Amino acid sequence: MTKRILQFTDVKYIYHTAHGELVATLGLTFSVEKGEFVAIIGPSGCGKTTLLSLAAGLIKPAAGRVESCGSFGYMLQKDELFPWRTIEKNIFLPLEIKRQNTPALRKHALELAKKYGLGDFLRSYPSQLSGGMRQRAALIRTLATNPDILLLDEPFSALDYQTRLNVCEDVYNIIRSEKKTALLITHDISEAISLADRVLVLSARPARVAREHALDFNGLNPLKRRETGGFSAWFELLWQELNI
Amino acid sequence: MKHTKPCSAEHARFLRRRRRNIGLIWACRIGLFAALLGVWELVAALGWVDPFITSSPSRIAGTIASLYREGTLFYHIGVTLWETLAGFALAVIVGFAVALLLWWSDTLRKIVEPYIVVLNALPKIALGPLIIIWFGTGSKAIVFMTVLVGLIVAIMHVLTALIETDCNKILLMRSMGANKAQILWKLALPSAYPSIISMLKINVGMAWIGSIMGEYIVSRAGLGYLIVYGGQVFKLDLVMSATFLLCLLAAGMYFLVVLLEKVLVKNTQR
């Protein structure tokens with residue numbers, strides 16, 4: 001039984017500025033099912049981040065509907081850890097904000113942190129951690145409130161290439177083992193192929209879903225996927241579709 | 001930074017050289033001060049300059065001693081110190097509160113922005129006559145002047161720091177469902193913290209400008225009063241003595257704030 005956890009129907013969004021208006025999305029329709037890892041790629045400046053803000057309910061569509069059941073966790077390009085808080089305190093931040101700072105949830109968050117290798121860094125400050133570890137801490141912070149769906153806004157783009165592959169692998173494994181639903185926005189085709197079950201290709205502005213592909217890697221890890229022959233075939237296909 | 005581990009001979013040499021360098025700098029600082037005083041004293045004693053105009057270290061010491069004997073030394077210091085501290089505290093507290101208010105409401109901030117810019121540009125001393133008429137000739141007028149000088153600086157400093165809060169971090173907070181008060185307490189204020197401390201440092205200087213300027217316009221006591229009075233009756237010894245005391249007080253207060261900064265910033269470990 002699959003369950004629909006996020007549904008965009010004919011969504012239109014317009015940016016208004018003093019100089020005019022800009023239709024960011026028009027007739028945008030797609031859905032995400034529970035347990036799925038969906039990646040959205042699109043030409044740069046096509047309103048990918050707008051889409052995540054709409055999904056998270058931070059902005060309201062001008063027309064159409066955004067329906068979701070469940071809670072969100074948002075992960076940004078940079079880790080955005082607060083430098084004046086320890087890693088532990090950073091991970092507790094969403095609990096404090098949502099007034100769910102209960103011993104049970106704190107314990108759950110700490111267990112996650114320990115399980116994924118942050119146990120020794122709980123009392124450290126972000127500046128003492130490497131970029132990869134910081135991004136991992138940011139993911140644990142996102143998972144602390146037990147969200148039903150993770151919104152990932154190019155979460156690896158600020159990392160150097162090697163760290164990027166490792167963190168990508170990390171994030172994939174953590175999200176899989178925690179059985180989370182994830183919606184990834186990226187401009188990096190290979191990242192989308194290596195992580196997702198399904199890839200949506202957006203058109204240029206105003207953005208709508210131009211193509212949709214179910215990937216057939218049968219749950220291979222990102223690094224393993226990069227080694228398969230199918231990987232480059234997908235890359236070529238998506239590359240062409242992005243450049244139409 | 002304690003070196004408990006045994007260190008290499010090279011490192012020991014580095015440490016020794018560093019210590020020697022610091023010692024040299026301090027020796028030169030103190031030596032320079034002594035030399036300045038010595039030359040000043042000497043040219044006055046030899047009559048190369050008229051000590052009536054330039055005063056001299058010994059005459060300054062004598063003047064301070066006689067002020068002490070008359071029992072007015074600490075009275076004047078106390079008056080100025082009180083005015084400065086009261087003005088400083090009021091400017092900082094009110095400035096902080098106004099900055100929070102203006103951060104809270106964008107519209108309000110845009111409305112009052114031109115007023116703040118004009119008030120900031122206005123030389124506060126132009127308000128001297130008004131202040132005398134409104135607040136009389138006592139300490140109240142001087143405290144008000146001090147507040148005037150420091151207030152706008154405090155507002156602008158804190159407000160700028162709050163507005164410069166990283167917008168991605170705000171986005172993150174909002175995605176967690178944070179309300180404005182939570183964004184303020186958990187994000188904007190902590191990230192503005194270094195600027196708030198530096199605002200305190202700047203406002204110490206502002207408070208001294210305000211209180212001495214206030215005493216120039218209207219006063220019957222205080223170090224600023226001694227300077228103006230000494231100038232009017234041509235007692236340059238008095239002018240120099242009061243200026244010297246002012247140097248000591250201002251430097252003392254500045255170091256206190258620097259010390260406070262060290263303690264506060266250390267506690268937040270950035």
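This is a predicted model: local features need pLDDT of at least 70, side-chain atom pairs count only at pLDDT 80 or more; totals for chains, interfaces and linings use all residues.
**Exercise 1.** Determine how many cavities of 30 Å³ or more the whole structure holds, and describe the lining of the largest cavity.

*Solution.* 
Step 1. A search of the whole structure finds two such cavities.
Step 2. The largest cavity contains about 90 Å³ of space.
Step 3. Its lining draws on chains A and B: among the lining residues are Phe72(A), Tyr74(A), Lys98(A) and Arg141(A), together with Leu172(B), Ser175(B) and Met176(B).
Step 4. At least two lining residues each come from strand S5 (72-75) and helix H4 (131-143) of chain A and from helix H8 (167-175) of chain B. The largest share, three residues, belongs to S5(A).
Step 5. Sorted by class, the lining of the largest cavity comprises five nonpolar, four polar and two charged residues.

**Exercise 2.** Describe the second largest cavity by its volume and its lining.

*Solution.* 
Step 1. The volume of the second largest cavity is about 30 Å³.
Step 2. Residues that line this cavity include Ile131(B), Ile142(B), Met145(B) and Val218(B).
Step 3. Helices H6 (128-135), H7 (139-163) and H9 (180-217) of chain B each contribute at least two residues to this lining.
Step 4. The class count for the second largest cavity is seven nonpolar, two polar and no charged residues.

**Exercise 3.** Identify the residues of the nonpolar surface patch and classify Phe244(B) as buried, partly exposed or exposed.

*Solution.* 
Step 1. Phe33(B), Leu37(B), Phe244(B) and Leu248(B) form a nonpolar surface patch of about 370 Å².
Step 2. Helix H1 (9-45) and helix H11 (236-268) of chain B each supply at least two residues of the patch, and Phe244(B) lies in H11.
Step 3. The relative accessible area of Phe244(B) is 36%.

**Exercise 4.** Glu80(A) and Arg99(A) have a positive phi. Locate each residue and classify its exposure.

*Solution.* 
Step 1. Phi is about 55 degrees in Glu80(A), which is not a glycine. For Arg99(A), also a residue other than glycine, phi is near 55 degrees.
Step 2. Glu80(A) belongs to the loop between S5 and helix H2 (87-97) of chain A, and Arg99(A) to the loop between H2 and helix H3 (103-115) of chain A.
Step 3. Glu80(A) is buried, because its relative accessible area is 3% and buried means under 20%. Arg99(A) is exposed, because its value is 65% and exposed means over 50%.

Methods:
Residues are numbered from 1 along each chain as its sequence is written. Chains are lettered from A and ligands numbered from 1 in the order in which they are written. Side-chain values use heavy atoms; hydrogens and water are left out. Patches are made of residues with over 30% relative accessible area and no salt bridge: like charges are joined within 9 Å, nonpolar side chains (Val, Leu, Ile, Met, Phe, Trp, Tyr) within 5 Å. Accessible areas come from the Shrake-Rupley method with a 1.4 Å probe; for residues, only the protein chains shown count as cover. A salt bridge is a side-chain nitrogen of Lys or Arg within 4 Å of a carboxyl oxygen of Asp or Glu. Helices (H or I, at least four residues) and strands (E, at least two) are DSSP runs, numbered from the N terminus. Buried means under 20% relative accessible area, exposed over 50%, partly exposed in between (1.4 Å probe, protein chains only). On a 1 Å grid over the protein atoms alone, a cavity is a set of points where a 1.4 Å probe fits but cannot get out, and a pocket is an open set with protein on both sides within 12 Å along at least five of seven lines; lining residues have an atom within 4 Å of a point. Grid points are joined across faces, edges and corners, and a volume is the space filled by probe spheres set on the points. Ala, Val, Leu, Ile, Met, Phe, Trp, Tyr, Cys and Pro count as nonpolar, Asp, Glu, Lys and Arg as charged, and the others, Gly among them, as polar.
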